[in-house]
Amino acid sequence: MVRKETLVQVAVVALSIAFAAVCVAVYLTRGNVRCIRAKLRLGALLLNLNGLVAAASGCIFTPTCYAVAMSDQMQITDPVPTYSNETGEAEIAVNLDERTELQGMVYERQAEHFSYRICARPAVAVDAEPDTDIAAETAAVNDACADAANIVVQEDLVAADGAFDQYEEAFAIVLDQALPAGDYTLQLHPVAAADLQPATWSHYQYRLTIADIVKPLPK
Ligand SMILES: [Ca+2]
């Protein structure tokens, strides 16, 4: 009978191959949202399985080739992102009257500097062909930050405990309450803001929708 640990190890190898393939797909498609979503999910599965392997073999975590490949995973954790059924894109909606802060995490931290940027997203013309919409949407997402004129904010992230020096670090992004309502692209980057080029694309990006707030008339 095949041991459970052996099955888990086989699954880790299979998932690692799939993960490597999807990493290549993300690179070749310059960050297609479906590929990014697949990468995030495979990465999360691998992290869980690695934990099982380590527990079963009684060993402590040691970096491996796929662990290095998965370093500096970044996520917004609060509000919890939803995923578009149509494009697979991770989405966050915020009403700035209710909250201005986004909470996030870095997992498998290797980098020492992290940053984020928010880019205005060009409106995408609605087309009768659903596939064309997705292609146009993906292009708009990928190109939103490639044009420096669209970049609204580009800043370093600060670790919640003051230093990015542990494997897991929490961070917060405080949104400007004056940010006009509309659709934006939020990118998280494992490099300093000063080192970002407009064309630098991110594995970790979200559609950020700022709700239209009806302001009371001045008295
Ligand atoms: Ca720390």
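Which residues of H1 are buried? In this helix, Ser16, Phe19, Val22 and Val26 are buried, where a buried residue has 20 or more other C-beta atoms within 10 Å of its own, an exposed one has 12 or fewer, and a partly exposed one falls in between, with C-beta atoms placed from the backbone. The structure is a predicted model, in which local features need pLDDT of at least 70 and side-chain atom pairs count only at pLDDT 80 or more, while totals for chains, interfaces and linings use all residues. Residues are numbered from 1 along each chain as its sequence is written.

The secondary structure of the protein consists of four helices and nine strands. Helices (H or I, at least four residues) and strands (E, at least two) are DSSP runs, numbered from the N terminus. The order of elements from the N terminus is α-α-α-β-β-β-β-β-α-β-β-β-β. Of the 219 residues, 25% count as buried. Contacts are assigned to residue pairs whose C-beta atoms, placed from the backbone, lie within 7 Å. Among contacts between residues at least 6 apart in sequence, 77% join residues at least 24 apart.

Helix H1 covers residues 4–28, which are 25 residues. Its reach from first to last C-alpha is 36 Å, close to the 36 Å expected at 1.5 Å a residue; the expected span is 1.5 Å times one less than the number of residues. An α-helix has 3.6 residues a turn, so residues three or four places apart point the same way.

Six strands form an open sheet with mixed pairing, in the order S2-S3-S9-S8-S5-S6. Strands are taken to pair if DSSP finds at least two bridges between them. The edges are strand S2 (82–83) and strand S6 (151–156), each of which pairs on one side only. S2 pairs with strand S3 (residues 90–94) in the antiparallel sense over two bridges, and threonine 82 has glutamate 91 in S3 as its bridge partner.

Strand S4 (residues 101–107) pairs with two strands described here. With strand S1 (residues 73–78) the pairing is antiparallel over five bridges, and isoleucine 76 stands opposite glycine 104 in S4. With strand S7 (residues 169–174) S4 runs antiparallel and is joined by six bridges; here glutamate 101 stands opposite valine 174 in S7. The covered face of S4 holds Leu102, Gly104 and Val106, and the uncovered face holds Glu101, Gln103, Met105 and Tyr107. In a regular strand the side chains alternate between the two faces of the sheet.

The largest nonpolar core has 20 residues, and those with the most contacts inside it are Ile118, Cys119, Tyr184, Leu186, Tyr206 and Leu208. A nonpolar core is a set of buried Ala, Val, Leu, Ile, Met, Phe, Trp, Tyr and Cys residues joined through C-beta atoms within 7 Å. Two or more residues of this core come from each of S1, S4, strand S5 (115–120), strand S8 (182–189) and S9. The most are given by S9, with four residues. Apart from this core lies another, of eight residues, among them Cys35, Leu42, Leu46 and Met70.

Leucine 208 is located in strand S9 (residues 204–210). This leucine counts as buried because it has 25 C-beta neighbours inside 10 Å. Leaving aside residues up to four places away in sequence, leucine 208 touches Ile92, Val94, Ile118, Tyr184, Thr185 and Leu186. The C-alpha atoms of leucine 208 and alanine 90 are separated by 8.9 Å, although the two residues are 118 residues apart along the chain.

The peptide bond from aspartate 78 to proline 79 is cis, with omega near 5 degrees, and proline 79 lies in the loop between S1 and S2. Aspartate 72, in the loop between H3 and S1, has a positive phi of about 55 degrees although it is not a glycine. Aspartate 72 has 18 other C-beta atoms within 10 Å and is therefore partly exposed. Glutamate 108, in the loop between S4 and S5, likewise has a positive phi, of about 50 degrees, and is not a glycine. With 17 C-beta neighbours inside 10 Å, glutamate 108 counts as partly exposed.

The average pLDDT, the predictor's confidence in each residue from 0 to 100, is 81, and 76% of the residues score at least 70. Among the elements, helix H3 (residues 65–69) has the lowest mean pLDDT (48) and S7 the highest (98). Over residues 57–68 pLDDT stays under 50, and the model has eight contacts beyond four places in sequence for them. Where pLDDT is low, the predicted coordinates should not be read in detail.

Technical notes:
Contact = placed C-beta atoms within 7 Å.
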